[in-house]
Amino acid sequence: MLQIDHLYKNYGKFQAVKDLTLHVPEGDLFGFVGPNGAGKTTTIRMVCGLMRPTAGGIKINGMNALTKQKEIRKQIGYVPDFFGVYDNLKVKEYMDFYGSMYRMDSKEIERISGDLLELVNLSDKKEVFVDTLSRGMKQRLCVARALIHNPALLVLDEPNSGLDPRARVEMKELLLNLKSMGKTIVISSHILSELSEMCNSIGIMDNGSLVAAGTIEDVMESVFGNDQLIITLESGRETAVRIASEYAGVKVQSVGEHEIKLSHTMTKKEIAKMIGTMIAQDVVVTGFHKQEGNLETLFMRVTEGDAGSEGNACLKGGLENAVESDS
């Protein structure tokens, strides 16, 4: 659906986007995350035809987005981070206005607008002036407006910005509903917990570069390696570290006063055997458990908040094959 190849955006000597290659398949709900200034919005604006790249290519539905901009605009529905509405219009008039921009006839606009307002739970607001709507309602109205021409790709830049918790839940439910209908969606957000609940694939940007991309499960595995095991103990730390290091596929990640963190490829039986060996050699083990990675931890690990440039380079190299094979 969305194919980005070696995309660059330069402002003089500053590179806002650097060699970005990404494939978002049809029907995906793709989450774009990264720190402020990472290049997410710049990338989204280039995809939507609002900004020309310095170099690289963009295809949507197999169509060159840089040479066929008029046709591409019919393929995209865009909800910007700072959305604009016409406050002196009623909700129905607002939808009519945007439908007319796509040269839809009045009967078609009325039929589709009715369906879309029902989809975003605004059917009872048709005769209400836009400026009386809450921020969450206005944002859902903008999603309805972006869908009026039935675009192949829906792009939302920080749609939950400034929304209260209830409005964020409503937006999440709306996007999941659109995903279940087969709509391809790209969404950027800083609310990582919500992205993990919605998206089946993600891309993480840092300093203009894509440092991770793929399904959440694949990226988690690439970053955190195999399973992580935390062993808590009262004494015998040095012995425990020595025993763990003797097992194939085990890497000691960190050692605390009463805790050892391991990454491993062991089976449950092998874990039990290792713990038993530790206990037999007078290590006082008080417990052990598997640690699950999450999107927040992943984000910190692959951006400069934790791993730094060296970690980013290693991760990017490890994921390049996956990204290329998917494209």
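**Entry 1: Gly208**

I looked up the contacts of Gly208 first. Leaving out residues up to four places away in sequence, Gly208 touches Ala16, Val17, Lys18 and Ala38; contact here means heavy atoms within 4.5 Å. The model is predicted, so local features need pLDDT of at least 70 and side-chain atom pairs pLDDT 80 or more, while totals for chains, interfaces and linings use all residues. Residues are numbered from 1 along each chain as its sequence is written, and side-chain values use heavy atoms, with hydrogens and water left out.

I placed Gly208 in the loop between β9 (201–206) and β10 (209–215). Helices (H or I, at least four residues) and strands (E, at least two) are DSSP runs, numbered from the N terminus. Is Gly208 buried or exposed? Gly208 is buried, at a relative accessible area of 0%. The cut-offs are under 20% for buried, over 50% for exposed and in between for partly exposed, with a 1.4 Å probe and protein chains only. I also checked Tyr8, which is 200 residues from Gly208 along the chain. Their C-alpha atoms are separated by 8.8 Å.

**Entry 2: Ser189**

I went on to the loop between β8 (184–188) and α7 (192–198), where Ser189 is found. Ser189 is buried, with a relative accessible area of 4%. Which residues does Ser189 contact, leaving aside neighbours within four places in sequence? I found Phe32, Val33, Glu158 and Leu195.

**Entry 3: positive phi**

I looked up two residues with positive phi. Asn61 is not a glycine, yet its phi is about 55°. Asn61 sits in the loop between β4 (55–60) and β5 (63–64). At 43% relative accessibility, Asn61 counts as partly exposed.

Arg103 is not a glycine either, and its phi is positive at about 60°. I found Arg103 in the loop between α3 (91–101) and α4 (106–119). Arg103 counts as exposed, at 80% relative accessibility.

**Entry 4: α5 with α6**

I turned to helix pairs. Helix α5 (residues 135–147) packs on helix α6 (residues 165–180) at an angle of about 20°, with the axes 9 Å apart. Axes are lines fitted to C-alpha atoms, for helices over the stretch in contact, and angles run from 0 to 180 degrees between N-to-C directions. That angle makes α5 roughly parallel to α6. The classes are roughly parallel under 35 degrees, roughly antiparallel over 145, roughly perpendicular from 65 to 115, and oblique for the rest.

From α5, the contact uses Gly136, Gln139, Arg140, Val143 and Leu147. From α6, I listed Ala167, Glu170, Met171, Leu174 and Leu178. By class I noted six nonpolar, two polar and two charged residues. Ala, Val, Leu, Ile, Met, Phe, Trp, Tyr, Cys and Pro count as nonpolar, Asp, Glu, Lys and Arg as charged, and the others, Gly among them, as polar.

**Entry 5: α9 with α10**

Helix α9 (residues 237–245) and helix α10 (residues 268–280) pack at about 145°, with their axes 10 Å apart. Ala240, Ile243 and Ala244 of α9 meet Met274, Thr277 and Met278 of α10.

**Entry 6: whole chain**

The protein chain has twelve helices and 14 strands. Of its 327 residues, 46% count as buried. Among contacts between residues at least 6 apart in sequence, 68% join residues at least 24 apart.
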